[in-house]
Amino acid sequence: RIDGEEWTLANPADALAAGMALLSNDRLREGILLDFPLVDNVCLPILGRFARALGLLDMAAMRDTAARAIARFKVRTTGPTALARTLSGGNQQKVLFAKWLETRPKVFVMDEPTIGVDVGSKADIRAAIEEIAAGGVGVVLITAELDELTSLCDRVIVMFRGRLVAEFSGAAVERAAILHASVSGLQAS
């Protein structure tokens, strides 16, 4: 249910139509297109916005969109026509954030958003998550990083061996309690 409307999500197109975006935990196999320029990576899920007569795409508008997204996320690159494979892992991850934010999601599911990125990119990504949430987008953060849970989340649900074992909210979102529940399968009382 998104904005009070029931959705049956059978495929990624349904999820996008409902206002959902997913940042996969495997950017190389399920996220970034390494041999494509950044403009293609950023604009792929929103190609309809750039459609013109006779099935042509407005390439200038696509480059402008990619350039704005690259600037917003401080991606270190030579520009929107650079190939994704020329970027570091952290900058590739920022491109994926930009890509999914261009879909204007209502709910953004992020699976291990800082996995395999350098410390600087990790800080940029965490700041982006805070900005996204502050902008009214619902964020579902799936992570094993306790610091991310305690600094970014208002509510934490802990799963252990496939079942929900603990839920924390507000001041109860604290490192020791989350760690205890995640390794024992029990919520401390």
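Reader: What makes Glu-167 and Arg-155 a salt bridge?
Author: In this predicted model, their side chains meet at 2.8 Å, N to O. The cut-off is 4 Å from a Lys or Arg side-chain nitrogen to a carboxyl oxygen of Asp or Glu. The pair is inside that limit, so the name applies.

Reader: Which parts of the chain does that pair tie together?
Author: Glu-167 lies in strand β5 and Arg-155 in strand β4. The two parts are twelve residues apart in sequence.

Reader: Why is Glu-167 called partly exposed?
Author: Its relative accessibility is 39%. Buried means under 20%, and exposed means over 50%. Glu-167 falls in between, so it counts as partly exposed.

Reader: How do you know that β4 and β5 pair?
Author: Pairing needs at least two bridges between the strands. Six bridges join β4 (residues 155-160) to β5 (residues 163-169), so the two strands pair. They run antiparallel. Arg-155 stands opposite Ser-169 in β5.

Reader: What makes Glu-102 and Arg-49 a salt bridge?
Author: The N to O distance is 3.7 Å. The limit is 4 Å, so this pair qualifies.

Reader: Where do Glu-102 and Arg-49 lie?
Author: Glu-102 is in the loop between α5 and β2 (107-111). Arg-49 is in the loop between α3 (38-43) and α4 (59-72). The pair therefore ties together parts that are 53 residues apart in sequence.

Reader: Is Arg-49 buried, exposed or partly exposed, and how does Arg-29 count?
Author: Arg-49 has 32% relative accessibility. That value is between the 20% and 50% cut-offs, so Arg-49 is partly exposed. Arg-29 has a relative accessible area of 72%. Exposed means over 50%, so Arg-29 is exposed. Its side chain meets that of Asp-26 in a salt bridge of 2.7 Å, N to O.

Reader: How many salt bridges does the rule give?
Author: The count comes to 13.

Reader: How do you know that Lys-99 has no salt bridge?
Author: The nearest side chain of opposite charge is Glu-30, 11 Å away. A salt bridge needs nitrogen and oxygen within 4 Å, and Lys-99 has none.

Reader: Why is Pro-80 called buried?
Author: Pro-80 has 18% relative accessibility. Pro-80 lies in the loop between α4 and α5.

Reader: What is in contact with Pro-80, leaving aside neighbours within four places in sequence?
Author: The contacts include Pro-37, Leu-38, Val-39 and Arg-63. Ala-66, Ala-67 and Ile-70 are also in contact with Pro-80. Pro-80 and Pro-37 are 43 residues apart in sequence. In space they are 6.6 Å apart, C-alpha to C-alpha.

Reader: How many helices and strands does the chain have, and what share of residues is buried?
Author: The chain has eight helices and five strands. Of its 189 residues, 41% count as buried.

Methods. Residues are numbered from 1 along each chain as its sequence is written. This is a predicted model: local features need pLDDT of at least 70, side-chain atom pairs count only at pLDDT 80 or more; totals for chains, interfaces and linings use all residues. Side-chain values use heavy atoms; hydrogens and water are left out. Helices (H or I, at least four residues) and strands (E, at least two) are DSSP runs, numbered from the N terminus. Buried means under 20% relative accessible area, exposed over 50%, partly exposed in between (1.4 Å probe, protein chains only). Lys and Arg count as positive and Asp and Glu as negative; His and the chain ends are not counted. Contact means heavy atoms within 4.5 Å.
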